[in-house]
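I opened the notebook to record what I looked up in this structure. The entries follow the order in which I went through the chain.

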Amino acid sequence: MSLTLDGFGSAVRSNLVAVSRTNLAWATLLDVGPAEGGRRRLHDRLAHALRAAIRDGRLVEGAAVPPSRALAEELGCSRWAVTEAYGQLVAEGYLSARVGSATRVSWIPEAAPPAPRVPREPARPPIRYDLAPGLPDLRAFPRRRWADAVRAVTGSAVHYDLGLPDPDGHAVLRDTVAQYLRRSRGADTRAASVSVCAGVTDALVRTCRALRAEGIADLAVEQPGWRRLRDAATSAGLRVHPVPVDQDGLRVDHLVRTPARAVVVGAAHQFPTGTVLSPARRSRLVRWARDVDGFVIEDDYDAEFRYDGHPVAVMQGMDPGRVFLLGSVSKTLSPALGLGWLVAPAAMTPALREANIVAAAPPVLDQLALATFIDRGWYDAHLRAARRRFRSRRDLLVQTLEAEVPEGRVAGTAAGLHILLHLPDGADSRGTVHAAAAAGLRVADLDDYRPNRSAERALVLGYGNISDTEIPPAVTLLREALRSPTVTSPTPARQVGGS
Ligand SMILES: Cc1ncc(COP(=O)(O)O)c(C=O)c1O
């Protein structure tokens, strides 16, 4: 059988089949597909067909391919096209060619392991209202100004900026962030180094690696707390010691009983309890860090949003030699940007550099866009508008809860984007979460943020990403879930996976 092409490089019928003069069943092996997409030239298509036949085992190791002249004749194309295709596959290691002998297949595909069985998630009812914590108001992302900032820096960045990024972040953004943190968060950046990273989680991984390199292997974390921070610390090789939190924040009296020499603390607004670290605990914590020759790692993730009174300045300003300050735009703009900062004691700069030598900085143009966004005053304007919006949304949520769920007690309302709803004794928080989800409302159980269930029954309600008009119907669903007959009896304790 002989097949011809309609001329090399011209439109070719699909499914052309190459047949060798040998007795090999080339007709069933090679399917030189149609000239479409990026693979328009015959030699590319022939190489593709041969590669596919080798990869899926139709051509086995050691098999000789037809001499180029013979295959070219069969195809009715130039011999050049065939030698090009063979040459390409020799370069890729699929074929080997030796002078005076046939070109042969030189690669064996490994049998693909069976795909792991992924248990099918049970179908969930669609979520109509989202009161789970975690997100800012994604509808209010300042798209136009962000696009303006990206456009501006794409036009103005010097060509040098498009080279290898500095792992510590671009100097322009580091400088802008340092100024921003000084003026708006009371940070002290004189005796500290400011670097740019992909967010608080990334900043914590970097910090933990540096601590580990400096001989600090034990880290305390708040309990309840955000599971990802604990995971970040263990992924960097630290042992994690949970320390309880009360209405004044982290229990320093418990911390001193652990072997930890560093602690992660949400001083401005603890997650998820919403408590603010009391002034007495702040100074005790810094004194503890000095006593153990250790560090406080301040997670300043949503401190821009404080509604009643002035924002509390960061602890880092109390002792920049002992306090790391971690922040990001995940709660102010969007977690999708992946931009944050790490302010570290100056003495730790070499350890940070050394331990994070292969760390990747966020995309440079995004870093420069954020610098422009802040420098032009757009970040402050966005925060002012967001603060107003979140304050009135928080008030609406609290008032609606007080009217509809009087048996609950609201707490942790001073700052941030979530509050706590304490449930009466005997209430079933887990059952409520399930009943609410079945009705299309997402809320979180406080117990989701610790490894074991506790006696405290509370829900964590985020109001960042729900619209004002959705709050009344969402709270009505919550009330119905709380009163639903299926949640009246407490469920047995079970370990949950954190946030
Ligand atoms: C306690 C806490 N810290 C920090 C963050 C922000 O983390 P990242 O900057 O890595 O997005 C969050 C986000 O939800 C958080 O809940």
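**Entry 1: D293.** D293 sits in the loop between helix 10 and strand 11 (295-299), where helices (H or I, at least four residues) and strands (E, at least two) are DSSP runs numbered from the N terminus.

**Entry 2: basis of the notes.** I note that this is a predicted model, in which local features need pLDDT of at least 70, side-chain atom pairs count only at pLDDT 80 or more, and totals for chains, interfaces and linings use all residues. Residues are numbered from 1 along each chain as its sequence is written.

**Entry 3: the chain as a whole.** I counted 15 helices and 18 strands in the secondary structure of the chain. Of its 499 residues, 43% are buried. Among the contacts with a separation of 6 or more, 72% are between residues 24 or more positions apart, a contact being two residues whose C-beta atoms, placed from the backbone, lie within 7 Å.

**Entry 4: cis peptide bonds.** I found a cis peptide bond between Q223 and P224, with omega about 0 degrees, and P224 lies in the loop between strand 7 (218-223) and helix 8 (227-235). Another cis peptide bond joins F271 and P272, with omega about 5 degrees; P272 belongs to the loop between strand 10 (262-265) and helix 10 (279-291).

Entry 5: I traced an open sheet of eight strands in the order 6-13-12-11-10-7-8-9, with mixed pairing; two strands pair if DSSP finds at least two bridges between them. At its edges are strand 6 (192-197) and strand 9 (249-250), each of which pairs on one side only. Strand 6 pairs with strand 13 in the antiparallel sense over six bridges, and A192 stands opposite P345 in strand 13. Strand 6 is mostly covered, with six of its six residues buried: A192, V194 and V196 point one way, while S193, S195 and C197 point the other way. Strand 12 (residues 323-328) and strand 13 (residues 340-345) run antiparallel and are joined by four bridges, with L342 in strand 13 as the bridge partner of L326.

Entry 6: I then followed an open sheet of four strands in the order 14-15-18-17, with antiparallel pairing. Strand 14 (409-411) and strand 17 stand at the edges, each with a single partner strand, so one side of each is left without a neighbour in the sheet. Strand 15 (residues 418-422) pairs with strand 18 in the antiparallel sense over five bridges, and the bridge partner of H422 in strand 18 is A458. Strand 17 (residues 444-445) runs antiparallel to strand 18 and is joined to it by two bridges, with A444 opposite V460. Is strand 18 (residues 458-462) enclosed by the rest of the structure, or exposed? Five of its five residues are buried, so strand 18 is largely enclosed by the rest of the structure. A458, V460 and G462 point one way from strand 18, and L459 and L461 the other way.

**Entry 7: nonpolar cores.** I looked up the largest nonpolar core, which has 113 residues, and those with the most contacts inside it are L204, L219, V263, V343 and V443; such a core is a set of buried Ala, Val, Leu, Ile, Met, Phe, Trp, Tyr and Cys residues joined through C-beta atoms within 7 Å. This core draws at least three residues from each of domain 2 (129-135 + 381-487) and domain 3 (159-376), the bounds coming from an automatic or database domain assignment. Not counting residues up to four places away in sequence, V343 touches L181, A187, T189, A192, V194, Q316, F324 and L325. I listed 13 residues around the ligand, of which G199, T201, Y301, S328 and S330 come nearest; a residue is near a molecule if its C-beta atom, placed from the backbone, lies within 6 Å of it. The shell divides into five nonpolar, seven polar and one charged residue, where Ala, Val, Leu, Ile, Met, Phe, Trp, Tyr, Cys and Pro count as nonpolar, Asp, Glu, Lys and Arg as charged, and the others, Gly among them, as polar.

Technical notes. A residue is buried if 20 or more other C-beta atoms lie within 10 Å of its own, exposed if 12 or fewer, and partly exposed in between; C-beta atoms are placed from the backbone.
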